[in-house]
Amino acid sequence: MKPEAVGEREVTLFQENGFLQIPEFFSREEISELADALDSTVEEKRARMLDSAGEVPDAYNQVFNQMVNLWVDYDAVRKFTFNPKLAEVARKISECRQVTLYHDHALIKPPGESSRETNWHQDAPYWPMEQIGALSAWIAVDDVTIDNGCLQFIPGSHRYGRLEPVPLATEGASVLKMQEETGVKEEVKPVTMEMKAGGVTFHHGCTFHYATSNRSAAPRRAHAIIYMPDDITYNGRFDAGGAKDLEVGKPFSGSRHPILATG
Ligand SMILES: O=C(O)CCC(=O)C(=O)O
């Protein structure tokens, strides 16, 4: 589907389900450019991070290797993070005037025996935002299937609002289990987002989502961008976008949080 064709039907789907899939958003040529960019930048950034901050816990790396804010240092990735069509779809489906970047991140799920599932979770509990409403675009850089860890969503789960964070490095932790323990009977009908490289899914920050471990022989590469609709303000917690000058209660702004689309 061409991004320009996103209209009322897709807006309604996103508002009702909390996610939207757009196959073939990027062409084969575009996605191989992003794949090359991720391959080189992720390695270089990892080496720099290890020098300055030490190792990320193994359990977390078995879920995925996450590289945040690649756009800041790498123009080849920035081109995708700032892609105006992607940002415009995020703006349209979240029905807002403009969207601002929170951060981008490469999410590489390693293959093999030690690969681990991405626990059922919501994103919003990890973000330093007063309001909910922020959303992610998740770009499949490889073909993704149930075997290598495509995303799965629970339709309508964004209506539960923001719950407690789920530890992603703890095996078996799950927002679904948490819901059960508090007496909420969730009708669990996950929808599986298999797609070819170049496809994109958008999900609301409160939508329950999950990915199996990567049982293939190659890494599962994805690049995700988090967008904040206009009314989102900073709540004072750690800003993974890297801004040092945000004011509590004020909208995210400044060079680390550029506006990516305006209606
Ligand atoms: O890539 C994954 O396995 C999980 C991605 C995710 O949780 C997200 O983009 O919010």
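Let's start with helix H6: its buried residues are Leu-86, Ala-87, Val-89, Ala-90, Arg-91 and Ile-93. Keep in mind that you're looking at a predicted model.

**Helix H6 and its two ends**

H6 runs over residues 84–93, and Arg-91 sits in it. Arg-91 counts as buried because its relative accessibility is 14%, and the cut-off for buried is under 20%. What does the side chain of Arg-91 reach at 2.8 Å? It's the backbone oxygen of Cys-96. Skipping residues up to four places away in sequence, Arg-91 touches Cys-96, Arg-97, Gln-98 and Val-99, and also Ala-261, Thr-262 and Gly-263.

Now look at the start of H6. There, Asn-83 uses a side-chain oxygen to get within 2.9 Å of the backbone nitrogen of Lys-85. Just past the other end comes Glu-95, with a positive phi of about 50°. Glu-95 belongs to the loop between H6 and S3.

That phi deserves a second look. Most residues other than glycine have a negative phi. Glu-95 has a positive one although it is not a glycine, and Glu-24 is another non-glycine with a positive phi, of about 55°. Glu-24 lies in the loop between strand S1 (19–22) and H2. Are these two buried or exposed? Glu-24 counts as exposed because its relative accessibility is 60%, and Glu-95 is exposed too, at 56%.

Follow Leu-86 for a moment. Leaving out neighbours within four places in sequence, Leu-86 is in contact with Phe-25, Phe-26, Phe-80, Ala-137, Ile-139, Val-200, Phe-202, Ile-225 and Tyr-227.

**Around the ligand**

Next, find the ligand. The residues around it are Phe-64, Leu-107, Lys-109, Thr-118, His-121, Asp-123, Trp-138, Leu-151, His-203, His-209, Ala-211 and Arg-220. Sorted by type, this shell has 5 nonpolar, 4 polar and 3 charged residues. Which strands each supply at least two residues of the shell? They are S3 (98–109), S4 (118–121) and S9 (209–211).

| Residue | Distance from a side-chain N or O atom to a ligand oxygen |
|---|---|
| Asp-123 | 2.8 Å |
| His-209 | 3.0 Å |
| Arg-220 | 2.8 Å |

How much of the ligand's accessible area does the protein cover? On its own the ligand has 290 Å², and the protein covers 98% of that.

His-103 is buried because its relative accessible area is 4%, under the 20% cut-off. Beyond its neighbours within four places in sequence, His-103 is in contact with Val-68, Asn-69, Ala-224, Ile-225, Ile-226, Ala-240 and Gly-241.

**The loop between S6 and H7**

Our last stop is the loop between strand S6 (151–153) and helix H7 (175–181), where you'll find Pro-165. Ser-174 is in this loop as well.

Pro-165 counts as partly exposed because its relative accessibility is 40%. Along the chain, Pro-165 is 44 residues from His-121, but their C-alpha atoms are 7.4 Å apart in space. His-121 is one of the residues around the ligand. With neighbours within four places in sequence left aside, Pro-165 is in contact with Pro-125, Tyr-126 and Met-178.

Ser-174, on the other hand, counts as buried because its relative accessibility is 14%. The side chain of Ser-174 reaches the backbone nitrogen of Leu-176 at 3.0 Å. Ser-174 and Asn-119 are 55 residues apart along the chain, with their C-alpha atoms separated by 5.6 Å. Again leaving aside neighbours within four places in sequence, Ser-174 is in contact with Trp-120 and Val-166.

Technical notes:
Residues are numbered from 1 along each chain as its sequence is written. This is a predicted model: local features need pLDDT of at least 70, side-chain atom pairs count only at pLDDT 80 or more; totals for chains, interfaces and linings use all residues. Side-chain values use heavy atoms; hydrogens and water are left out. A residue is near a molecule or strand if one of its heavy atoms lies within 4 Å of it. A polar contact is a pair of N or O atoms within 3.5 Å; within protein, one must be able to donate a hydrogen and the other to accept it, and residues adjacent in sequence count only if both atoms are side-chain atoms. Accessible areas come from the Shrake-Rupley method with a 1.4 Å probe; for residues, only the protein chains shown count as cover. Helices (H or I, at least four residues) and strands (E, at least two) are DSSP runs, numbered from the N terminus. Ala, Val, Leu, Ile, Met, Phe, Trp, Tyr, Cys and Pro count as nonpolar, Asp, Glu, Lys and Arg as charged, and the others, Gly among them, as polar. Contact means heavy atoms within 4.5 Å. Buried means under 20% relative accessible area, exposed over 50%, partly exposed in between (1.4 Å probe, protein chains only).
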